[in-house]
Amino acid sequence: MLIRRHNGFDIKASEITPEAIYQDRRRFLQTASQLALGSLFLPLDEVLAAPEKYNYANIPGIKPNPRYQDKDLKKIITSPEDFSSYNNFYEFGMDKDDPKDNSKKFKTKPWTIKVHGLVSKPADYQLEDFLKPYELEDRIYRFRCVEAWSMVVPWVGVPLHRILSRAQPTSAAKYVLFKTLQDPDQFPMQKTKILTWPYQEGLRLDEAMHDLTLLTVGAYGKVLPNQNGAPLRLIVPWKYGYKSIKSIVSIELVSAQPKTAWEMSAPDEYPFYSNVNPEVPHPRWSQKTERVLGSGFFKAKQKTLMYNGYADAVASMYSKFDNKKLY
Ligand SMILES: Nc1nc2c(c(=O)[nH]1)N[C@H]1C(S)=C(S)[C@@H](COP(=O)(O)O)O[C@H]1N2
Ligand SMILES: [Mo]
């Protein structure tokens, strides 16, 4: 099967994606032409290609995926320097460079994760044991912040559904609630009331089980920088960035829709679903376009896509909702 690349030349999807994944991803290929709208957009099958598999223990030693040296991909992927110096991590401060400056001593080892609530197999894990059974995947995703900037990042992680399946949610489980570490000695802003602490986020169970939903431990073939949410953070690429909670210590299955930290502070601005939707403006600004993070810090402006470009993969989960509630 031929797909169109963003720069106009055709290559076989099977040449850039291992056979098994290529088969799995066939349904995404239809999206490729739709996504080649702006020069900075990647066809989805490339975004989802997972050519390297790692064991967590090997991450610090591995070489970055050679694919990221590809000239055309390099143009699209946000530089690791920009990725790790323009951040939102309010526990460390509210300016974009606070997380980098204030997280240098953040302790990510040892790290305990609690998987609990409405599950048959609740457990507390050390991070290494938590990830041991799984191969980590390398996936390039677009990422869209509600503040109308975006980036493209090669994450390293494990689909959340593997972890949830191991815990065996009971039939009463309908939502997943995630919490960040509570530790005001390490997170100075937790001594203030700028947000309800600990930071918490939620997903409906089907969203949490979706194959795109990735629990990540790394980016650019390395462990996550502290400012990007080490040692474990969520990535939900069709939702605004704040759903992608950082430094997670608790994953809890619950029966009712949980309140998120942002919802508790400003429900009109940051509702539960928070799916990327260019048609629904934030109360204080438009969501139709986004500035692309690049040297300086922004290199271009482009149109925002419905569900951040992942509509073919996720829209069916919301067929019963109206457009406003999607957001
Ligand atoms: N615990 C926690 N998680 C968080 C945040 C935060 O302040 N605290 N900010 C969110 C927001 S608004 C965004 S855009 C992303 C930013 O991720 P990045 O710094 O890796 O780009 O993290 C999200 N996860
Ligand atoms: Mo954000």
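Buried means under 20% relative accessible area, exposed means over 50%, and partly exposed is in between (1.4 Å probe, protein chains only). Keep that in mind for the views of this predicted model, where local features need pLDDT of at least 70, side-chain atom pairs count only at pLDDT 80 or more, and totals for chains, interfaces and linings use all residues. Residues are numbered from 1 along each chain as its sequence is written, chains are lettered from A and ligands numbered from 1 in the order in which they are written, and side-chain values use heavy atoms, with hydrogens and water left out.

View 1. Of its 327 residues, 58% count as buried. The chain has 14 helices and 15 strands; these are DSSP runs numbered from the N terminus, with helices being H or I of at least four residues and strands E of at least two.

**View 2. F143 and W155 form a tilted aromatic pair.** Their ring centres are 6.4 Å apart, with 50 degrees between the planes. Rings of Phe, Tyr and Trp (its six-membered ring) pair if their centres lie within 6.5 Å; planes under 30 degrees apart count as stacked, over 60 as edge-to-face and the rest as tilted. F143 belongs to strand β6 (residues 136-144) and W155 to strand β7 (residues 149-159), so the pair ties together parts that are 12 residues apart in sequence.

**View 3. One aromatic cluster brings together F83, Y86, F143, W149, W155, Y220 and F298.** Over the ring of F298 sits the charged end of R291, 4.0 Å from the ring centre. For a charge to sit over a ring, NZ of Lys or CZ of Arg must be within 6 Å of the ring centre and within 35 degrees of the ring normal.

**View 4. Two prolines follow cis peptide bonds.** Most residues other than glycine have a negative phi, and most peptide bonds are trans. The bond from K109 to P110 is cis, with omega near -5 degrees, and P110 lies in the loop between α8 (98-102) and β4 (112-117). Another cis bond joins A230 and P231, with omega about 0 degrees.

**View 5. A148 and Q168 each have a positive phi without being glycine.** A148, at about 70 degrees, lies in the loop between β6 and β7 and is buried. Q168, at about 55 degrees, is partly exposed.
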